[in-house]
Amino acid sequence: SAVSTTMDSQMELDDYINQQDLNGWNALMHASWKGHLEVCRYLLSLGANVNARSETTGWTACIAAASEGYLHICQLLCFRGLDPRILDNTGLSALE
């Protein structure tokens with residue numbers, strides 16, 4: 001049916017949009033780290049997981065943004081449901 005095809009397509013998009021590269025970063029993490037606000041908004045609108053952690057460092061998109069001083073990105077991510085208490089592999093959060 002058309003509904004199941006749409007749901008399958010959305011699930012594939014969710015998998016793709018949250019896929020991590022060889023360094024363990026997804027597209028939202030890269031956009032956040034570089035301060036690209038509109039790209040972050042677009043990725044979130046497509047279903048990017050705001051709480052995804054890098055498999056290698058444990059960083060989230062917010063930790064990446066905070067590391068470069070992009071507080072406007074952190075605010076967007078918090079507004080979109082970020083859990084700021086998520087810790088990276090060294091035990092630090094975006095708040096530290």
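A residue counts as buried under 20% relative accessible area, as exposed over 50% and as partly exposed in between, with a 1.4 Å probe and protein chains only. By that convention threonine 60 is buried, since its relative accessible area is 2%. The model is a predicted one, in which local features need pLDDT of at least 70 and side-chain atom pairs count only at pLDDT 80 or more, while totals for chains, interfaces and linings use all residues. Residues are numbered from 1 along each chain as its sequence is written, and side-chain values use heavy atoms, with hydrogens and water left out.

**Overall architecture**

The secondary structure of the protein consists of five helices and zero strands, where helices (H or I, at least four residues) and strands (E, at least two) are DSSP runs numbered from the N terminus. Of the 96 residues of the protein, 33% count as buried. The accessible surface comes to about 5900 Å², with 57% of it belonging to carbon and sulfur atoms; such areas come from the Shrake-Rupley method with a 1.4 Å probe, and for residues only the protein chains shown count as cover. Among the contacts (heavy atoms within 4.5 Å) in the protein with a separation of 6 or more, 64% are between residues 24 or more positions apart.

Helix 3 spans residues 37–45, and its buried residues are Cys40, Leu43 and Leu44. Seen down the helix axis, these buried residues fall within an arc of 100 degrees, so they line one face of helix 3; the arc is that of the directions from the helix axis to the C-beta atoms. Glu38, Tyr42 and Ser45 are exposed on the other side of helix 3, and just after the helix glycine 47 takes a positive phi of about 105 degrees.

Threonine 60 sits in the loop between helix 3 and helix 4. Leaving aside neighbours within four places in sequence, threonine 60 is in contact with Met29, Asn51, Ala52, Arg53 and Ile86. A polar atom of the threonine 60 side chain lies 3.1 Å from the backbone nitrogen of isoleucine 63.

**Aromatic pairs**

The structure holds two aromatic pairs, meaning rings of Phe, Tyr and Trp (its six-membered ring) with centres within 6.5 Å, where planes under 30 degrees apart count as stacked, over 60 as edge-to-face and the rest as tilted.

| Pair | Centre to centre | Angle between planes | Class |
|---|---|---|---|
| Trp25 and Trp33 | 5.6 Å | 80 degrees | edge-to-face |
| Trp25 and Trp59 | 5.9 Å | 35 degrees | tilted |

Trp25, Trp33 and Trp59 form one aromatic cluster. Within it, tryptophan 25 counts as buried because its relative accessibility is 12%, whereas tryptophan 33, at 32%, counts as partly exposed, and tryptophan 59, at 23%, counts as partly exposed.

**Cysteines**

A search of the whole structure finds zero disulfides, a disulfide being a pair of cysteine sulfur atoms within 2.5 Å. For cysteine 74, which is in no disulfide, the nearest cysteine sulfur is that of cysteine 62, 3.4 Å away; cysteine 74 is buried, with a relative accessible area of 10%. Cysteine 78 is in no disulfide, and the nearest cysteine sulfur to it, that of cysteine 62, is 5.0 Å away. At 39% relative accessibility, cysteine 78 counts as partly exposed.

How values were computed. Polar contact = N/O pair within 3.5 Å; in protein donor to acceptor, adjacent residues only side chain to side chain.
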